Every structure is written in structure tokens, then in C-alpha cells.
Amino acid sequence: MHDQIAVVQGDITTLAVDAIVNAANESLLGGGGVDGAIHRAAGPGLLAECRKLGGCPTGQAKLTRGYQLPAKHVIHTVGPVWRGGAAGEPDLLASCYRSSLQLAAGKGLATVAFPSISTGIYGYPIALACRIALRTTKAFLEHHTQPRLVTFVCFTAHDLDEYKLALAEMVNGGARLHPVV
Ligand code: ADP
């Protein structure tokens, strides 16, 4: 399993993968954070295609082309806004990862990169969110042949540390180990 999951630090708009995932909002018409960065790098063709999609409910995902991005496609998913954790946020966040991976698998996409959905402007605590991201992806990959590589792209060194710790815990069956760099 763990050779199908990679954790890196960087800017997701630079990755030449089959699909990068966008942490979008329900309008799919652009926003701040990673959404703004993806639209800037993709150019106006992306917004033009997004306008035709009619938005996207929280927890679901929609696919577009990648335009001027090195990535071939963009999977737009809408994460939950953090409201304290008792408003269905964990299920909705897991659904974002599952829906995005299902779209990728359905299109036969082999390489997919995710940002840390909901943990920026939407306020989801990174330590909780990254465990949902990793567990949901691991469960999906156990039952599908595509994608064959899922990369989690952390924007900050702190987020990278959180992901590495959570990945080490998961690989070691829940033991709290310090991650090997
Ligand atoms: P949300 O509204 O879902 O919280 P944000 O875009 O505000 O979305 O933040 C999601 C995550 O994306 C945050 O961890 C933020 O640091 C990160 N991020 C912002 N820009 C980029 C980028 N260019 N590449 C990868 N991650 C990014």
C-alpha cells in the first residue's frame, strides 16, 4: 500500500500528473488559496469549463481538463467548512477523497495529487484532516487498481510533518512512531 502513497512538500500547480485535485468552493468559480493558484496557473480556459458545470455540492467532485497546467486534468472537490467537528465534517471530508478517487479511477487516471482539503480557509484541523485523507485513500486503493500513485502535496513544512507522522502511524498499524524522512 505505502508504495502507492507519497507525501511531498510543494506547489501542486507544478505537478505533471494525470490529475491534481482542487479544494474548490460550491460555485466552482474560483476562490483563494489553492483554488486561486490553480486557476491562475491553468489560465482562463479552466474557468470557462467550470462555468458550464453548475457548481458542486460539498463532499462531491467534478472533472475538467488541465489547460495550461502540467497536470492533464483537474478534479474539483468541495471540502466542508470546519464547524467544530459535530456537523458531519469527517464524513464529508472522507467523501471528497473517495469521490475524487472514484472519478480518477473511472477515467483510468494513474497518478493523482491532492492538496490538504479544507485545512486552509475552511479551518479543518490538519492533524484530523490528514488522517482522514490517508485512511480514506488507503481503503480506496485496497479495492482499486487505479490510481496507482496518490501524492499528498503539503504547502508548508508543518503540514508535511503532520502527514508524515500520520502516514507512519497508519503503516505501523497505529503505533506512534516518528516519521523517517
Ligand atoms: P480550503 O478552503 O479547502 O481550506 P485552501 O486553499 O484555503 O482550501 O487550503 C487548502 C490547503 O491548500 C492548505 O493547506 C493550503 O496551505 C494549501 N495550499 C495553498 N496553495 C497551495 C498550492 N499552490 N499547492 C498546494 N497546496 C496549497
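Which backbone nitrogen lies 3.3 Å from a polar atom of the side chain of Glu89? That's Ala86, and I'll come back to it. Quick housekeeping: this is a predicted model, so local features need pLDDT of at least 70, side-chain atom pairs count only at pLDDT 80 or more, and totals for chains, interfaces and linings use all residues. Residues are numbered from 1 along each chain as its sequence is written, and side-chain values use heavy atoms, with hydrogens and water left out.

OK, Glu89. You'll find Glu89 in helix 3, residues 89-106 (helices are DSSP runs of H or I, at least four residues, and strands are runs of E, at least two, numbered from the N terminus). Glu89 is buried but has no salt bridge. Buried here is under 20% relative accessible area, exposed is over 50%, and partly exposed is in between, with a 1.4 Å probe and protein chains only. A salt bridge is a side-chain nitrogen of Lys or Arg within 4 Å of a carboxyl oxygen of Asp or Glu. For Glu89, the nearest side chain of opposite charge is Arg83, 5.8 Å away. What the Glu89 side chain does have is the backbone nitrogen of Gly85 at 3.0 Å from one of its polar atoms, plus that Ala86 nitrogen at 3.3 Å.

So where are the salt bridges? The count comes to three.

Asp18 pairs with Lys72, closest N and O atoms 2.9 Å apart. These two are 54 residues apart, with Asp18 in the loop between strands 1 and 2 and Lys72 in the loop between strands 3 and 4. Asp18 is buried at 13% relative accessibility, while Lys72 is exposed at 53%.

Next, Arg131 and Glu169, also a salt bridge, at 2.9 Å N to O. Arg131 is in helix 4 and Glu169 in helix 5, so the pair ties together parts that are 38 residues apart in sequence. Arg131 is buried at 17%, and Glu169 is buried at 11%.

Then there's Glu142 with Lys138, at 3.2 Å. Glu142 is partly exposed at 46%, and Lys138 is partly exposed at 24%.

On a 1 Å grid over the protein atoms alone, a pocket is an open set of points where a 1.4 Å probe fits, with protein on both sides within 12 Å along at least five of seven lines; lining residues have an atom within 4 Å of a point. Of the 26 lining residues, those closest to the centre include Ala23, Val34 and Ser116. Helix 1 gives the largest share of the lining, four residues.

How values were computed. Lys and Arg count as positive and Asp and Glu as negative; His and the chain ends are not counted. A polar contact is a pair of N or O atoms within 3.5 Å; within protein, one must be able to donate a hydrogen and the other to accept it, and residues adjacent in sequence count only if both atoms are side-chain atoms.
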